[in-house]
Amino acid sequence: MIASALLRKWSVVPRLFFLLCLVSGSAAARPPAGTASDPEIENKISSLLARMTLAEKLGQLQQLDGTWDGDVRPEQMELARQGLLGSAICVRGAKRTTELQRVAMTESKMKIPILFSFDVIHGYRTIFPVPLGEAASWDPSVVERADCIAAAEASAAGVRWTFAPMVDIARDPRWGRIVEGSGEDQFLGAAMAAAAVRGFQGTNYSRPDKMVACAKHWVAYGAAEGGRDYNTTEVSERTLREIYFPPFKAAVDAGVGTVMSAFNDLDGIPCTANSFILTDVLRREWHFHGLVISDWNAVKELIAQGVAANGEAAAARAMTAGVDVEMVSQFYHEYGEQLVSEGKIPMATIDRSVRRVLRVKYRLGLFEHPYADEGLEKATLLSPANLAAARELAARTFVLLKNDHETLPISRQLKSIAVIGPLADDAQSMIGPWSGDGRKEDAVTLLAGIHAELPTAKIIHARGCDVTGDSRAGFELAINAARESDFTILAVGESADMSGEAASRSSLDLPGQQLELIQAIHATGKPYVVVLMNGRPLSIGWVATNSPAILETWFAGTQGGYAIADTLFGDVNPGGKLPVTFPRSVGQVPVYYNHKNTGRPPGGDSKDASRYIDIPWTPLYPFGYGLSYTQFRLSHLELSATHIHRDGTIIIGVDVENTGDRAGDEVVQLYLHDLVASVTRPVKALKGFERVSLRPGESRHVEFTLGPGDLGIYNQAMQFAVEPGTFKVMVGTSSEAGLESSFEVGP
Ligand code: GLC
């Protein structure tokens, strides 16, 4: 069903590729990664373990970094020759990986292949929208398809392990890494996490065009105090289990082969030394059989965090807690033999971790096929099908925030267009942070996209200002360009390096003089649209109030310029929805839709309520919000029952109709509120969504089935249970409002 449903949406070539991606994972199915392996592999591992020295075992638990541009470091050749390099990060390219691999496979004693890894977060060379943008599509197939292509490109380049999906829930947009995940909601995040694992791994990652994925950063890294990266986190077990765990559980259930421990300390115990999350939850509760790798130097950082006095202690704490592989720091290598000889670490612990590493390598088929192929690499990277997919998928991630007086779509009859703003021709920012092996020279900027869309029109480009800084020296040129043109496209927001790791901001305002530039263009009285390019929600109050049209495009990837032009001129009708709340002010943070009611709920007339005295307590744009060039109507909300047993299920149905004159997509969203429970509950929680494509006048019936897994909560005893009571249902096209009903859950 999913294949046919998807195929209606896409043009021919990418469809065929997607079908290939979809099918490729199903062949020769083996137990999904992460579950108990098959005996044949386990026996081979046992045989290897019996012949390995302790030094060779510790070598399998060591990951070392190549150079940032993908070269092997000289010392790694010797380590490979001695069989002491289990995996490498950043080394990439069929030629370079093969050179190092050949040393390991022909000159070392055990001839165990090296596993090459890299951060293939939203594409390898063909770059797709950043994950926050992909989540804005509210279409898991966008993520699955993008990551399927990413896996094909990366594996052709010799990379078979990606450190993605990043599935951290983020409720604080000051945190730069909000760009890498799927936003603030665990239900949407879980759907995207599972889709990413399917895309990267298929159901059998031994296929040469697949790779093993990594759910990161385990766990609650997005709860960093102050939104300041790497900062401490204090999260209750109930909030962990209800908000931060679900996307990881979805990834594990989807068969993710690896997990990465996070930098942050969680309630005083760094994740990299935290046996509750690494062993009790991951291994004992969830039966995860894959491998856990630390984050970069995170084992070493246990010293700075004050839970290890030295490298030996840090290695011991991480090994004992459940970290199998050490990334970049080398304490396992340096102290492992001493820890075993002193009886501080049992050999069984080492063997268990080595087994997990070898299991992944066997699953990948690396022993049989250790080498990449340069011809395949050349044919796969940036292929026309991949680029066509990148263009199509990018357009599904855009969110139309405002469109007064049908400012958009822009008419092709216009004779002159001004393209203004510091991001209009910024190719590097178009591919966003964590852009893998993506190259800015491959990227299509917005300016290039507009030229391609209107080859004969007069296009005037003016930067106006930089992304940051106080200079308004370019304003006059920009204002003149707007005055001389029929329409202005303003490209503003953040540069790519203002998002991602170590890129927290204390403000959510448009940086530099960009707001002033928009105001200057606004003052000309000419029609314009604000195109946002950014990696986090922005507090764009003045723009939201005064500008006629706003299109959120995130960082749209290698084909972003074409995709934005396709949307601005109406070839594509935007159908995305916000995966994260846009605050009015950074002072509201954290602000998210699934908040608690409190004893003094805001929104009433009382001043003694949970609110601010200087701004409305509501967000600028709510979670799930997004407009279209057409209009939709929901009707006929129906529940299959008014009462169900706590073990029962209920079907919730609604009709959605395209009441406008243009085909478009709508995202039907189901929210639930457990009105009275043994612990406080959010005023609403997303429990279902479906993006539907409708022609003008077309109507579709959408249904959601809810069961105990959707109704249950972690009660006072921290047990997951469905409690009797009334559940309020809301079905809408954003989290803000919709059709309402309710049902009872009996004892
Ligand atoms: C970084 C990031 C992590 C990434 C790793 C390897 O510091 O925290 O997400 O996968 O190091 O680059």
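Reader: By class, how many nonpolar, polar and charged residues does the lining of the largest cavity have?

Author: The model is a predicted one. The largest cavity is lined by 19 residues. Sorted by class, that lining has 13 nonpolar, two polar and four charged residues.

Reader: Which residues lie nearest the centre of the largest cavity?

Author: The count comes to four cavities of 30 Å³ or more. The largest cavity has a volume of about 160 Å³. Nearest its centre lie Pro-131, Pro-165, Met-166, Glu-180 and Ser-182.

Reader: Which element gives the largest share of the lining of the largest cavity?

Author: Elements that give two or more residues to this lining are helix H7 (131-135), helix H8 (140-156) and helix H9 (186-201). The largest share is five residues, and the element that gives it is H9.

Reader: How much space lies in the second largest pocket?

Author: Its lining is made of 24 residues, and Val-591, Tyr-592, His-595, Trp-617 and Pro-619 lie nearest its centre. By class, the lining has eleven nonpolar, eight polar and five charged residues. The space in the second largest pocket is about 560 Å³.

Reader: Which residues come nearest the ligand?

Author: The shell around the ligand has seven nonpolar, one polar and five charged residues. There are 13 residues around the ligand, and those that come nearest are Asp-119, Arg-177, Lys-216, His-217 and Asp-295.

Reader: What share of the area that the ligand exposes alone does the protein bury?

Author: Polar side-chain atoms reach oxygen atoms of the ligand from several residues: one of Arg-177 at 2.7 Å, one of His-217 at 2.6 Å and one of Asp-295 at 2.6 Å. Taken alone, the ligand exposes 310 Å². Of that area the protein buries 96%.

Reader: Which residue does Trp-218 join through a cis peptide bond?

Author: The bond has omega near 10° and is cis.

Reader: What is omega for the cis peptide bond between Val-589 and Pro-590?

Author: Pro-590 is found in the loop between helix H24 (560-568) and strand E17 (632-639). The cis bond joins Val-589 to Pro-590, and its omega is about 5°.

Reader: Why does Lys-111 count as partly exposed?

Author: Lys-111 lies in the loop between helix H6 (94-107) and strand E3 (115-118). Its phi is near 50°, a positive value in a residue other than glycine. Buried means under 20% relative accessible area and exposed means over 50%, with partly exposed in between. Lys-111 counts as partly exposed because its relative accessibility is 37%.

Reader: Is Ile-112 buried or exposed?

Author: Ile-112 is placed in the loop between H6 and E3. From Arg-73, Ile-112 is 39 residues away in sequence and 19 Å away in space, C-alpha to C-alpha. The relative accessibility of Ile-112 is 7%, so this residue counts as buried.

Reader: What is the relative accessible area of Leu-382?

Author: Leu-382 is found in the loop between helix H17 (374-380) and helix H18 (384-395). Although Leu-382 is not a glycine, it has a positive phi of about 55°. Leu-382 is partly exposed, and its relative accessible area is 23%.

Reader: Which residue caps the N-terminal end of H12?

Author: Helix H12 covers residues 275-285, and Ile-277, Leu-278, Thr-279, Val-281, Leu-282 and Arg-283 are buried in it. Just after H12, His-287 takes a positive phi of about 55°. At the N-terminal end, a side-chain oxygen of the capping residue lies 3.1 Å from the backbone nitrogen of Phe-276. The residue that caps this end is Asn-274.

Reader: How far apart in space are Val-120 and Trp-161, C-alpha to C-alpha?

Author: The place of Val-120 is in the loop between E3 and H7. Val-120 counts as buried because its relative accessibility is 0%. Val-120 and Trp-161 are 41 residues apart in sequence, while in space their C-alpha atoms are apart by 8.6 Å.

Notes
Residues are numbered from 1 along each chain as its sequence is written. This is a predicted model: local features need pLDDT of at least 70, side-chain atom pairs count only at pLDDT 80 or more; totals for chains, interfaces and linings use all residues. Side-chain values use heavy atoms; hydrogens and water are left out. A residue is near a molecule or strand if one of its heavy atoms lies within 4 Å of it. A polar contact is a pair of N or O atoms within 3.5 Å; within protein, one must be able to donate a hydrogen and the other to accept it, and residues adjacent in sequence count only if both atoms are side-chain atoms. Accessible areas come from the Shrake-Rupley method with a 1.4 Å probe; for residues, only the protein chains shown count as cover. Ala, Val, Leu, Ile, Met, Phe, Trp, Tyr, Cys and Pro count as nonpolar, Asp, Glu, Lys and Arg as charged, and the others, Gly among them, as polar. On a 1 Å grid over the protein atoms alone, a cavity is a set of points where a 1.4 Å probe fits but cannot get out, and a pocket is an open set with protein on both sides within 12 Å along at least five of seven lines; lining residues have an atom within 4 Å of a point. Grid points are joined across faces, edges and corners, and a volume is the space filled by probe spheres set on the points. Helices (H or I, at least four residues) and strands (E, at least two) are DSSP runs, numbered from the N terminus. Buried means under 20% relative accessible area, exposed over 50%, partly exposed in between (1.4 Å probe, protein chains only).
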